[in-house]
Amino acid sequence: MKTATSAPPEASAAHAEHQPEIMSATRPNPRRALLLENIHPRAADRLRGAGLEVETCRGSLTELELKDRLAGVSVLGVRSKTQVTEEVVEAASDLEVVGAFCIGTNQIDLDACLARGIPVFNAPFSNTRSVVELALGQIIVLLRNVLEKSSLLHRGEWRKSSGSAREVRGKRLGIVGYGKIGAQLSILAEALGMDVRFYDVEEKLALGNAEPCRTLDELLATSDVVSVHVDGRADNRNLFGAREFAAMKDDSVFINLSRGFVVDLEALREALESGKLRSAAVDVFPREPKQDGSGFESPLQGLDNVLLTPHIGGSTEEAQENIGNFVPDKLLNYLEMGTTSLAVNFPNLQLPELRGAHRLLHIHRNVPGILAQINQVLAEQEMNVRGQYLKTTDEVGYVITDVGRDYDEGVVQALRQIPETIRVRVLY
Ligand code: NAI
């Protein structure tokens, strides 16, 4: 595969109320990347290795600073703090692709990026293993009453009795939400000898010996440990309240490493204080401080049988390193091949590597008839089409055409003139 530096210049659409400032068809050579918020050094190494000039910054930038720093930048990398607003995107005329070096993408105006033909990539499963390991640790610690024994010892009280301490082997783990994290937890918990049941709103392939429950109530009534791994859809607000805790098995353990708003914490406190539940571990909260060192309050504070952690489920060195490898690969696959698979805001296309040909990328607003117009341009220019790929979302269409003769600036100009064109790129 050729590196990004050898690609011909990018041309942007002439049309468009959104981006009159990207009329210039030139882009910096080599491409420049700006990585903010102390992204793992693997990312900069990987991008430099592919020929990009990389500038890094430890903190996030304000909107104004970001607009200023994005001049001449093709690749922007952020974590959760930098706000990539519509205004930033509008001003960043050289920006081609954005990497969110984290899971969430709420900090990025995805629609504004889409409207400018800028794909956004994130790292949806780079910290899955980290969350699963913490969940397993919590299950063991809570079933053994380690937390209470440790608290007593800190207060000078030696209480060695095995009491109700239990092994995890043979206990039933009920997983609510059998997605990436839930399914991996299922495998590892089973390796520890747990009997795994799960409940998901979608049909899921049961891994190992795990068995699905038909209803949430069935899972709650039969599980020694309930671990919640649902996604952040709005319907999941207060998925767990007084009714659900009452439906759980007596003396069972509750774990939430998913989203804070999924659990009514007052109801959880009552279930713990009343002795209905043995203990709980909570890593995510309805309101979380934005900065380290900030104050924090929760109804669960002061309970010896609750393990509180400050949203660290996915925060490990390994997860950061995984993200530092994963996201640059997606950015480079897009820059070098046009591949958009796993882009969060863009038509997803996995493209084959191309040899001995040129690849034309056409991004346009999704209205009928664009593909026909593209092919008419190619026919008029007597281009020999070797392969063509099309993927659309409601708003945007993405057409990739591999052509078998030298690329001609006339073709690019003609493609740019097609109404509703957002961006045209030429690779190889
Ligand atoms: P995912 O999207 O792969 O899986 C979520 C699953 O939950 C899906 O299978 C979905 O069908 C299911 N689901 C949604 N609502 C449901 C409901 N009401 N009842 C039953 N099933 C339901 O997500 P992934 O990657 O497994 O992450 C799970 C959660 O963990 C997310 O909320 C994510 O934000 C959170 N997370 C937390 C971290 C932390 O640091 N504590 C780190 C990483 C993720």
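View 1. With a relative accessible area of 16%, F326 is buried; buried means under 20% relative accessible area, exposed over 50% and partly exposed in between, using a 1.4 Å probe and protein chains only. F125 has 40% relative accessibility, so this residue counts as partly exposed. Welcome to a predicted model, where local features need pLDDT of at least 70, side-chain atom pairs count only at pLDDT 80 or more, and totals for chains, interfaces and linings use all residues. Residues are numbered from 1 along each chain as its sequence is written, and side-chain values use heavy atoms, with hydrogens and water left out.

**View 2. The pair of F121 and Y334.** The structure holds eight aromatic pairs. In one of them, the ring centres of F121 and Y334 lie 6.5 Å apart with the planes at 45°, so this pair is tilted (Phe, Tyr and Trp rings, the latter by its six-membered ring, pair if their centres lie within 6.5 Å; planes under 30 degrees apart count as stacked, over 60 as edge-to-face and the rest as tilted). F121 and Y334 are both buried.

**View 3. Charges over rings.** The charged end of K330 sits over the ring of F326, 4.8 Å from its centre, and that of R425 sits over the ring of Y334, 4.6 Å from its centre. For this, NZ of Lys or CZ of Arg is within 6 Å of the ring centre and within 35 degrees of the ring normal.
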